[in-house]
Every structure is written in C-alpha cells, then in structure tokens.
Amino acid sequence: MPSAEVRLAAEDGRAMRPAAPVDSPFAVQETTVSYGGKPVVFNVDFVAPPNSMVAIVGPNGAGKSSLLKAALGIVPSVSGRVTVFGEPLAKARRRIAYVPQRASVDWDFPTRVIDVVLMGMYRELGLLKLVRRAHREHATACLARVGMADFADRQIGQLSGGQQQRVFLARALAQGADLYLLDEPFAGVDAATEKAIIDVLKSLKAERKTVIAVHHDLATVADYFDHVLLVNVRKIADGPVATTFTGENLQATYGGRLATAHIDQLKLASA
C-alpha cells in the first residue's frame, strides 16, 4: 500500500488538466506509482504524438518500466488516467501490442516458436482456440518479418536471447495493433538482432503505427527515435529529439551519474 504522504502528494494542489487530444495514441496523466510507500513514478503527464517513435529514457531506477506497466494496468498506480486513441484503456486494449522485458519471461515453458506467435492472435482465435491455415500463414509471415521463419518449430527455450526477442516482436506483430509498447527491446541482444528489430519498428512507423520503447542506450536515441520522454521519477522533459535530447536535459535527468565527457560523445540535438 502506498503511504498516505504519497497519496496526498499525488493529489494535493493538482489543477484540472485538459483531456488528452483524441488523436494521441497514448496519453498518461497525473500518474504516480509507489512501491513500499516510496514513489517510483511521480505525477507524470505525457502525451505521445501520433505516427511517432518515442524513447522513454532515464537512469536505472528512474521508473521507466514502471510507468509503462502502470499505464497498461500490469502494476497498480496510486493515481493517474490513461487514454489510448482518446478512449479508456479497457476499450482500446485490442489496439495495443506489448513486448515485455526478455528477463521477465519464463523461457523454460515448453512451447514452439510458432505457438508463441499464435498467442498474439488469441482474440481472433476465440474461446475454442481453433488454429486455421490462415492463422498459421499469418504467424509465419510475422516470423519472416523478423527473420525467424526457419525457426517456427523450434522450442522457444532453445533459442538465443536475440532470437527470443525477435519471436516476441513477431507475436506483437501478429496482433495487428496500432500502438506498440516495448520494454527495453534491445537489452542483451546482438548487433544483428538490434538492426532487425529497429528495421521492423521503423517499418511500423511507415505504416502509420506508433512505437513507444523504454530505451537505455543514449548513443542510438537520435538514430532510432524522433520523440523522447526523459524521466527520473518525475518527468524531466519530452518532445522531439531535435529539441529535447540535449546535454542540459540529460544532465537534469541523470545528474552526476552521466559524465560530461560521455554527453559530448552523443549525437545531441545541440551538436
């Protein structure tokens, strides 16, 4: 349970904020998340622009993953509202695909790659879970899109970490979503997998989808994303990478944990 102080702080003195724009694919307002009475996300507002690739960036323990999970209802929040394409989360879940952190998945579960991808089609398969030829063809096409079609009958636990991440992205593709939320999709993967993943994500944007990813590699933010949300428990800044991913904002986000010399090496908007 959150402490009374956290609850009151999240609620005290808040002006009524206007509703998120109906064309925004993803908006969180006044969102606070607490673990053990300590806020890990505090009163964050964020409205994602449509047809964009957004990086959620911040130091370890900054609340990046917690913000995403709270928005999806995976972890409870102290306060907050979430809208997806102008609708409450409960009405818009079918338009969302979520790729969790690879470390949070039980890879020992005995299932084949093709079956993992078919799980992304559970709404279409219905209660009887009848898998038809068209479903398998669609799942295979999604695997081909991430370069994993030849592994369809392999046990998921037999794959490398990068291959497993590609399969989970294929499962998300199988949903045919409009909004893709990914929690550190490049963590612990090889260079070939990272390139394959970013190519797919950029193709989704070209299809007018929206991609939001928790991201840890500052060196690739400017190459991979067009919008950034900088957080460290609170929102520090958000906006286009061209105007927001600056040394000043990074210092405010990371403080002494990010050396000035490292900032100078990044592809910053002010360079």
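Predicted model: local features only at pLDDT ≥ 70, side-chain atom pairs only at ≥ 80, totals over all residues.

User: What makes strand S7 (residues 179-183) mostly covered?
Analyst: Buried means under 20% relative accessible area, and 5 of the 5 residues in S7 are buried. Leu179, Leu181 and Asp183 point one way from the strand, Tyr180 and Leu182 the other way, and all are buried. In a regular strand, side chains alternate between the two faces of the sheet.

User: How do you know that S7 pairs with strand S6 (residues 96-99) and with strand S8 (residues 210-214)?
Analyst: Pairing needs at least two bridges. S6 and S7 are joined by 4 bridges and run parallel, with valine 99 having leucine 182 as its partner in S7. S7 and S8 are joined by 5 bridges, again parallel, and there tyrosine 180 stands opposite valine 211. Both counts meet the cut-off, so both pairs qualify. From S7 the chain passes through helix H8 (residues 191-206) to S8, a right-handed β-α-β crossover.

User: Which residues touch the most other members of the largest nonpolar core?
Analyst: Leu143, Val167, Tyr180 and Leu201 do, in a core of 53 residues. Helix H7 (residues 161-174) gives the most to this core, with 7 residues. A second, separate core has 28 residues, including Phe26, Val41, Leu89 and Tyr98.

User: What does leucine 201 touch, not counting residues up to four places away in sequence?
Analyst: With contact set at heavy atoms within 4.5 Å, leucine 201 touches Met53, Leu169, Leu182, Phe186 and Val211.

Methods
Residues numbered from 1 in each chain as written. Heavy atoms only, no water. Core = buried A, V, L, I, M, F, W, Y, C linked by side-chain atoms within 4.5 Å. Buried < 20%, exposed > 50% of the residue type's maximum accessible area, 1.4 Å probe, protein only. Helix = DSSP H or I, 4+ residues; strand = E, 2+ residues; numbered from the N terminus. Right-handed = clockwise from strand over helix to strand, strands pointing away.
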